[in-house]
Amino acid sequence: MTLVPRPILTDGATHPAQQFRNLVSDLARDNEGVTRGTDLKVTQLSTPGSSVQVSSGTGLVRGRYAAYQGTYAVMNVGSTNVAIAPTGGSPRSDMLIIRVEDKEYEGSIDPTTGEVNYFQIISNVSSSATVIPDGRTGIPLARIDIPASTSTITNAMIKDIRQIANPRKESLLRTQSPASQSTAITGTAYSYAYFSTAAGWAIPVPSWASIARIRVDVAGLRITTGNLYGTFRANLGSSLSLQATVIDDNQGAVTRRLGTVAADTLTIPDAYRGTTQTLRAQGAGGPGNASQMYADASTTFVAQVEFEEGPR
């Protein structure tokens, strides 16, 4: 049989499990991994011991045994402990995966009585391994790098190697032009100040966000008085700053306009998720600076912010 004669979902028809698994694969865009950034995370026990714990969560596991095997949806409800064997006189790296063993393709586990998906340790993998080293059906969760003569597993030994199957993304584009001239930004000691008439933007941070890629452009900064040597950056909230870029302009006392950009990839703190944070540009004068920097009604700021979900 080539063409499956009854497409999902046809009223009155029956459909093989493989057809549903391929529907899952299609809906997942043939990707696999955990569903959310906190799903199936591996950590030490509350009191470190000879096991690790895997948190609640769901994931997608692509079948590797046969073409069009499809994708399995897996779920762990509650924390599950997985034992780790102690090391002897040499260090060892183990990989903890969630494994699927479907007897339609491999093995002999009866799905009515046995565990078709389960946590499995692949012992003695490479100390840099991040993918399952053979063709078994599963997704990697963590690599545990265990020193010699060790039986107690701590978070310092656990390398998170989860991937999110379909990470969420959200992009924002914001613009702002001051209505009037700001207070001058000057000085020679890299003392950062906001452009007083450019209030910045209120940025809602998604509850699932792990990283933010941020770019802030400015066009038409007003420069006066003398040679300018300074920097430009932006802050998101009270604790995150974009990498500063240098402004080096030696046109003397003539009044002129210039533009610049600051950009960075930032890790989102737990306290930021689900809140609104202010993104706002700053400038500073550096050693030898003899100029003044302003934003005014002829200045435009542009902010691009992309949030992305990742393991955390």
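This is a predicted model: local features need pLDDT of at least 70, side-chain atom pairs count only at pLDDT 80 or more; totals for chains, interfaces and linings use all residues.
Colleague: How many aromatic pairs does a search of the whole structure find?
Modeller: Rings of Phe, Tyr and Trp (its six-membered ring) pair if their centres lie within 6.5 Å; planes under 30 degrees apart count as stacked, over 60 as edge-to-face and the rest as tilted. With that rule, the number of aromatic pairs found in the whole structure is three.

Colleague: What is the angle between the planes of Tyr65 and Tyr105?
Modeller: Tyr65 lies in the loop between strand E4 (57–62) and strand E5 (71–76) and Tyr105 in the loop between strand E7 (92–100) and strand E8 (117–122), so their pair ties together parts 40 residues apart in sequence. Strands here are DSSP runs of at least two residues, numbered from the N terminus. The pair is tilted, at 6.5 Å centre to centre, and the angle is 55°.

Colleague: Is Tyr105 buried or exposed?
Modeller: Buried means under 20% relative accessible area, exposed over 50%, and partly exposed in between (1.4 Å probe, protein chains only). Tyr105 has 13% relative accessibility and counts as buried.

Colleague: Nice! Which residues form one aromatic cluster?
Modeller: The ring centres of Phe195 and Phe232 are 6.4 Å apart with planes at 45°, so this pair is tilted. Both residues are buried. The cluster consists of Phe195, Phe232 and Phe301.

Colleague: Over which ring does the charged end of Arg233 sit?
Modeller: A charge sits over a ring if NZ of Lys or CZ of Arg is within 6 Å of the ring centre and within 35 degrees of the ring normal. Arg222 lies over the face of Tyr294, at 5.9 Å from the ring centre. For Arg233 the distance to the centre is 3.7 Å, and the ring is that of Tyr192.

Colleague: In E19, which residue is the bridge partner of Pro204?
Modeller: Strands pair if DSSP finds at least two bridges between them. E13 and strand E19 (residues 276–285) pair in the antiparallel sense over four bridges. Pro204 belongs to the uncovered face of E13, with Ala202, and its bridge partner in E19 is Thr276.

Notes. Residues are numbered from 1 along each chain as its sequence is written. Side-chain values use heavy atoms; hydrogens and water are left out.
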